[in-house]
Each structure stands twice: as C-alpha cells, then as structure tokens.
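You asked for some notes to read alongside the model, written for someone new to looking at protein structures. Please keep the sequence and the 3D view open while you go through them.

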Amino acid sequence: MEIKWYIVLSVALFCIGVAGALTRRNSIIVFMCIELMLNSVNLLLVAFSKMHLGDAVANPMAAMNAQIFVFFIMIVAAAEVSVGLAIIVMMYRNTKSIDINFLNRLKN
Amino acid sequence: MGTTQILFWFLSALAVAGAIGVISCKNPLYGVLWLIVVFFAISGHYVLMNAQFLAIVNLIVYAGAIMVLFTFVVMFIDLNEHPEIPKNIYLKAAGVIAAMCLLIVLVAALSHSEANHLAMRLNTGVGLIKYLGRTLFTEYVVPFELSSVLFLSAMIGAVIIGKKEKELKEKKLV
C-alpha cells in the first residue's frame, strides 16, 4: 500500500477523536476520544516505520526506533488511563455527576 | 485489487465506522464496545504491516486491560440517575466544523508531498519480536526500567485518589 492512504486514515481517526472531545460532555467519552487520538498517532508511526526513503537510510533496521517509540506510548497511555479513571471516579463521588461542565468550579 | 488492498480497505472502513460509533453513541457502554472494534481494526493494520509484536501488545494492553478498566468505571457509575445533558447545538456544530477544518487542512497540506507514493517495504523484519526485543533490552533498557517506576507511581496515585477522604483522614494519611 502507498503511504498516503495510511496518512489519510490516521488523520481521519484523529479528527473524529477531536470532534468527539469537542462535542461530548460525558467525561468518560471524552477520555475515550483521547485514547482514539493516541491510537491514530501510533498507527501513523508504525506506517512510517515501514517506509524507507529509497536507499537514503543505510540500515533499514534503524526504523525499529519508531516501533519502540509506539511501545513506550502504549506504556504511558496505560498509566495515564489508570490515573484518569481514578480521577473520574473521585469526581463522580464528590459531585454525583460525570459532566465535564461541573469542572468549571475549578476556575475559582 | 489484491488481498492486502481489500483487507486494508475493510479494516479502514471498520476503524472509521467504530470511531464514529464512539462519538455518536448515547450510552458510554456502547462507546466502549465501539472503541474495542476500533482497536481490533488497528491491530489488524499492524498485522498487515508486519508488526506482529505491536499488534499483540495493542490487543493485550488496549483491547484487554484498558477497555476492562473503562467498562468497570462505566458500570460503577449510575448513568440512569444523571443522564448526559446534550451540549448546545451551536457548540456541537462548531466542534464538528472545527474538526472537519483540521481534517481538510491536514489532508490538503499532505496531499502534494512527493513522498506520497512511496510503497511500504514489508519484508525487512523490523516488527518481529526477535529484533524488537534485542533493541529494547540493549539500547532502550533504561527507559524500559524507568517505565516500571512510572507504573508503580501510577498505581499508588490511583489508589490514593480512589480512596475515600474519610478513610484517609482516619488513618491520618492526609
């Protein structure tokens, strides 16, 4: 496959994630949209790791770094989800709601 | 059209349909299920790109662990008592238009690139577990060990945040 279709697919997934994060008020769904954006970026990184600029890169195994990077993104995302969901549960316990507009009160 | 291309278009359609399902569902539980569909489609893409290790890790970490956490929290929270109040229609339209503008700008900016027609090289063995493991445990061993510290701190943080404040005060932790 040509690389451009992977770029279009990743951009489409990322933009759907952005649209969801902007239009929904349920904090769990907003969080899921953030996961969607992270995954679209991972997909693009893996696609780029398979693309070599002719013979410009002497050693094709140098592309391994991209996949290691994706692996670390997944690690950080797992840690982030555990803390984020704990925060959502705490917010539900204190306000009995998971509407993100309730977080307005943090302003003052 | 070869098998690879048919599979590519099928998985892409599945991923985009799942993503639209995530942002348009009423009940967050269905959103979680749609998101699992998206993750499976992305894992299929990884397999197509000969990145088996990441495909398996994606399935285990995302479709397995993270989605179980999400399901647990969705079931923990009683949404029938407090249904989601939809956003103002103008705000919704503004959000969708902003996202579509981003899509158009990115696609238009990238569509004239000269590197667009590069075919992917699939038979290099870059994504195989053998080579990835060797790189991970030689070049990247320090970040790999640091990530275990990150997990430990995330676990402690989640426990501390998740505890009820009353309990913490009784034990004089705060």
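Predicted model: local features only at pLDDT ≥ 70, side-chain atom pairs only at ≥ 80, totals over all residues.

1. Chain B has 7 helices and 0 strands, and, when it is read along the sequence, its pattern is α-α-α-α-α-α-α.

2. Of the 174 residues in chain B, 22% count as buried. If you take the contacts within chain B between residues at least 6 apart in sequence, 52% of them join residues at least 24 apart.

3. The two chains touch through 72 residues of chain B and 62 residues of chain A. On the chain B side, the elements that each give two or more residues are helix 1, helix 2, helix 3, helix 4 (89-110), helix 5 (129-138) and helix 6, and helix 4 gives the most, with 11 residues. This side of chain B is made up of 53 nonpolar, 15 polar and 4 charged residues.

4. One pair of helices across the two chains deserves a careful look. Helix 2 of chain A packs against helix 1 of chain B at an angle of about 160°, and their axes are 9 Å apart. Angles over 145 degrees count as roughly antiparallel, and helix 2 of chain A and helix 1 of chain B are therefore roughly antiparallel to each other. The crossing of these two helices is left-handed.

5. Which residues of helix 2 of chain A and helix 1 of chain B meet? From helix 2 of chain A come M32(A), C33(A) and L36(A), while helix 1 of chain B brings A19(B), V22(B) and I23(B). The residues of this contact divide into 6 nonpolar, no polar and no charged.

6. The largest nonpolar core holds 59 residues, of which I28(A), M32(A), L36(A), V46(A), V22(B), L35(B) and V38(B) touch the most other members. The elements that give two or more residues to this core are helix 1 (3-23), helix 2 (27-49) and helix 3 (64-95) of chain A, together with helix 1 (3-24), helix 2 (28-48), helix 3 (52-76) and helix 6 (141-162) of chain B. Helix 1 of chain A provides the largest share of the core, 12 residues.

7. Once its neighbours within four places in sequence are left aside, L35(B) is in contact with M32(A), E35(A) and L36(A) from chain A, and with G18(B), V22(B) and M67(B) from chain B.

Terms used: Residues numbered from 1 in each chain as written. Chains lettered and ligands numbered in written order. Core = buried A, V, L, I, M, F, W, Y, C linked by C-beta atoms within 7 Å. Buried ≥ 20, exposed ≤ 12 C-beta atoms within 10 Å, placed from the backbone. Helix = DSSP H or I, 4+ residues; strand = E, 2+ residues; numbered from the N terminus. Contact = placed C-beta atoms within 7 Å. Axes fitted to C-alpha atoms, helices over the stretch in contact; angles between N-to-C directions. Parallel < 35°, antiparallel > 145°, perpendicular 65-115°, else oblique. Left-handed = near helix turned anticlockwise from the far one by under 90°. Nonpolar A, V, L, I, M, F, W, Y, C, P; charged D, E, K, R; others polar.
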